[in-house]
Protein chains: 2
Amino acid sequence: MLSDSVKNFINIVSKLPSIGPRQATRLAFYLINSGKNQIEELEKAVADLKKIKTCERCFFIYTDRCPICSDKSRLQDILMIVEKETDLISLEKTGRFHGQYLILGGLAKNGVLEPQQKLRLKSLAERIKKEFGGQLKEIILAFNPTTFGDFTSSLIEQELKPFAQKISRLARGVPTGGEIEFADEETLKSAFEGRK
Amino acid sequence: MLSDSVKNFINIVSKLPSIGPRQATRLAFYLINSGKNQIEELEKAVADLKKIKTCERCFFIYTDRCPICSDKSRLQDILMIVEKETDLISLEKTGRFHGQYLILGGLAKNGVLEPQQKLRLKSLAERIKKEFGGQLKEIILAFNPTTFGDFTSSLIEQELKPFAQKISRLARGVPTGGEIEFADEETLKSAFEGRK
């Protein structure tokens, strides 16, 4: 009953992360009812994403030059490894870290590093050898405090041990504004052990 | 820190219904990481929505001709009024109704009909006068069983009374697969009163 263009739109949009067929259908009708100008606005916004490049050092995105790696005022010998771009953005918003980054890419559920992730770590190791005489001051592993995150951290820690004086992880504890009463046991254990 | 194309994408996409800034940001990174082909596929799917037209009789959408109004095998003298396209699609999926439709457009929260909705009802009334000698056999009001839906039904019932031998509403009751124990009081009242 729906014409091919609508079916095609629903099909393509419902494959995007966290959008299902129902939401895609609603979006199709919303756009059709909003008229040509709004469709064109979205069309152009999507098309413009093709201008975006990925930095070959840290794998963040940019148009002209990488906002992280091209910023010479940032510390060069401390590096944070994160899973994804949005983690980097959240960490940057704290304004506390002024070093380099490496985006590793989505963690596999089986806790094994993907070939692409191994490549990223290898090229990092080579850069450390070439540019820093073999060792950075510190590498911070900033993965989610989950089983997969912990497992990945351990894997990477083994691999990068020779390339940093210190390898650290983000602290765990009761989140600010959270309540001790409702915190789970593991969180409270971490909060106790990390007390200062 | 994000380049203008990405900010613009997030801005436009997060204005779409039930997509917030967080999901829009994740979509931007997903698309950038998926590469040019997938961005172009989405771009084209969006652009193709411009081909879609809205039927001037029932206000459903089509490319060549309206799948409802152009289908001469459908009953002509029974008409269902629905709020939106997705309601029509769900009702069509039942395969039980083979008449005409009128899509009224989103119901206002204050229970007042929008100028555009009044126009749609007026042009329906005129069509009934011209094509059916003044009266349809039945008009079914198929709005959501909510306060707004009920209120809108009552408004329209008053307005269209002269133009149909019978004006009906969809039945209410315990949904198939639902449990009486957990049904709310209003639903159970309706189920009792509509028993047969």
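The face of α6(B) that is turned away from its buried side carries the exposed residues Thr147(B) and Gln158(B), where exposed means that 12 or fewer other C-beta atoms, placed from the backbone, lie within 10 Å of a residue's own, buried that 20 or more do. This is a predicted model, in which local features need pLDDT of at least 70 and side-chain atom pairs count only at pLDDT 80 or more, while totals for chains, interfaces and linings use all residues. Residues are numbered from 1 along each chain as its sequence is written, and chains are lettered from A in the order in which they are written.

**Helix α6 of chain B**
- Helix α6 (residues 147-160) of chain B, a DSSP run of H or I with at least four residues, has 14 residues and reaches 20 Å from its first C-alpha to its last, close to the 20 Å expected at 1.5 Å a residue, that span being 1.5 Å times one less than the number of residues.
- Thr152(B), Ser153(B), Ile156(B) and Leu160(B) are buried in α6(B).
- They lie on the same side of α6(B) because they cover an arc of only 105° around the axis, taken from the directions from the helix axis to the C-beta atoms.

**Contact between the chains**
- Chain A and chain B each bring 41 residues to the contact, which is counted between residues whose C-beta atoms, placed from the backbone, lie within 7 Å.

How values were computed. Contact = placed C-beta atoms within 7 Å. Helix = DSSP H or I, 4+ residues; strand = E, 2+ residues; numbered from the N terminus.
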